[in-house]
Amino acid sequence: MAEVAKPEFSRGPASLTISVELHVENRKRLCSKLKKIKEVPEGAIIFLKGGEEELRNDTDVGPVFRQESYFHWAFGVEECGFFGAIAVDSGNAVLFCPELPKEYAVWLGKILPREHFQQRYAVDDVCFINKIADWFAGQKPSVILTLKGKNTDSGNYAEEATFTGIDKFTVNNSLLFPEIVECRVFKTAKELEILRYVCRISSEAHIEVMRKIKPGMKEFQIESMFQHYCYYNGGCRHTSYTCICASGANAAILHYGHAGEPNSRTMEAGDICNFDMGGEYYCYASDITCAYPVNGKFTDQQKKIYNTVLKANQAVFNAVKPGVLWTDMHLLAEKVILEELTSHGLLKGDISEMQKVNVGALFFPHGLGHLMGIDVHDVGGYPEGGNERSTLPGLKYLRTARVLEADMVLTIEPGCYFIESILEEAMSDEKYKGFLCPDVIRQYLKFGGIRIEDDVVITKNGAELLNHVPRTVEEIESVMAGGKFTKI
């Protein structure tokens, strides 16, 4: 008797098991939104393209496949090369899979029948890709809704699904995009369960690093340690982004860890470190940054800057709730940082006057945070007709300027950095001379920087913290000295 495929995802008894009902619910939400649009007639069918296997340059070797995000949201298909259709009126879903030659079994294992995918992904039917045109001809759709729209973070466009003969049908590629994006912005209870899980695993991995780090280690050893923990203990084959393991002056490089700065420095006693790392489970992201000294003991200088950023982080967490403008939260974090730097003698003068000339962006040059979900920088930050992106320093890097609503998931990640090129230029600029204290600032030019990043879901009255890592100086020093941390 053929084995019946379970309609669920799991990486073993220690990991989270996810029912494909998550995707059934997502498709229902999407169809419900589309039915309310007068331009969507009865008989409309959504048509989506899954991700394709990528190869490295001209070779036949590529990275481990990870599903295209919209397709994962709608279907949860793990394999590459699929297409999918959803009837808006009924919600019925059909997958189109590649018809693989029998000899592929030598390399890929058993070639699974269409019935396997129908059971595994709880769809109404599965056809081979070479039958797409025939299937649509039999359905006689009033319109085929395809996905085409711009990602406001990358500037790239979602790849529109097509097939030979699609020109014989009426196709609309503008109606679907804004509706599916908005669906992804607001997380369901099932999606939040995954996000809590992956944030928990990533929190545990950060604590593991915190316990094992020591001077003399390489930054890439931290990356390796984190990735191993997430995969070995949590089934997270992917990370949500390239790990940022920045120590010393490197901690002022916001996206350190790229090919030109590959987490390769030897960490030394006294260095402050920014470890921005997040595991990914079932395509859902986490994004957590912990900052601390490699030797486990904060200097007075490090305490001042760390507590400055922590105070900004906590101020925002306590202020977020439905109805709050995200731009105002960035300005709140900036204000707290300016107040603290003034109290420590790095700045002088009136805080409101500082903000008028964007002094805050000299130390806090990036946006406060971003939407998070299936992508670490999730879609929907700047929807058409919504608030526009600011052109001001700091604020122009905000990945969203939306009014917060319940079930949005965002990061809160204020930072304070001492980027020598920016500060040296500012200290000779007349616009800033009345606010900067050069003699004190120059004592910090080799400091690096500190970022404290948390993942939160907006609730009816505030926010829920999804990650749980040591945050106070006392908690961090205790854990690094071998103490327990019991908040997980």
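In this predicted model, the second largest pocket has a volume of about 1100 Å³. Its lining is made up of 39 residues, and those that lie nearest the centre of the second largest pocket are F65, E78, E79, C80 and F82. When the lining of the second largest pocket is divided by residue class, 21 residues are nonpolar, seven are polar and eleven are charged.

The largest pocket, for its part, has a volume of about 1400 Å³. A total of 50 residues line the largest pocket, with E68, S69, Y70, N151 and D375 lying nearest its centre. The elements that give two or more residues to the lining of the largest pocket are the strands β3 (44–49) and β9 (238–239) together with the helices α2 (69–75) and α6 (176–185), and among the contributors α6 gives the most, with five residues. The lining of the largest pocket divides into 19 nonpolar, 16 polar and 15 charged residues.

Aromatic side chains form a further theme of the model, in which 21 aromatic pairs are counted. One of these is formed by F136 and F163, whose rings are stacked, with 5.2 Å from centre to centre and 10° between the planes. This pair links distant parts of the chain, since F136 belongs to helix α5 (residues 132–139) whereas F163 lies in the loop between β7 (143–146) and β8 (171–172), and the two residues are 27 residues apart. F136 has a relative accessibility of 0% and therefore counts as buried; F163, at 11% relative accessibility, likewise counts as buried. F163 also pairs with F169, in this case in an edge-to-face arrangement with 6.0 Å from centre to centre and 65° between the planes. The residues F136, F163 and F169 are members of one aromatic cluster, which also includes F47, F83, F96 and W135.

I18 is found in strand β2 (residues 18–19), and, because its relative accessible area of 5% is under the 20% limit, I18 is buried. Although I18 and I194 are 176 residues apart along the chain, their C-alpha atoms are separated by 7.9 Å. When neighbours within four places in sequence are left aside, the residues in contact with I18 are P7, E8, F9, I194, Y281 and Y282.

D454 lies in strand β18, which covers residues 454–458, and its relative accessibility of 7% is the reason why D454 counts as buried. The side chain of D454 takes part in a polar contact of 2.7 Å with the side chain of N467, and a polar contact of 3.3 Å is made with the side chain of N313.

Key. Residues numbered from 1 in each chain as written. Predicted model: local features only at pLDDT ≥ 70, side-chain atom pairs only at ≥ 80, totals over all residues. Heavy atoms only, no water. Helix = DSSP H or I, 4+ residues; strand = E, 2+ residues; numbered from the N terminus. Buried < 20%, exposed > 50% of the residue type's maximum accessible area, 1.4 Å probe, protein only. Polar contact = N/O pair within 3.5 Å; in protein donor to acceptor, adjacent residues only side chain to side chain. 1 Å grid on protein atoms, 1.4 Å probe; cavity = no way out; pocket = protein on both sides within 12 Å on 5 of 7 lines; lining within 4 Å. Points joined across faces, edges and corners; volume = space filled by probe spheres on them. Nonpolar A, V, L, I, M, F, W, Y, C, P; charged D, E, K, R; others polar. Phe/Tyr/Trp six-rings, centres within 6.5 Å; stacked < 30°, edge-to-face > 60°. Contact = heavy atoms within 4.5 Å.
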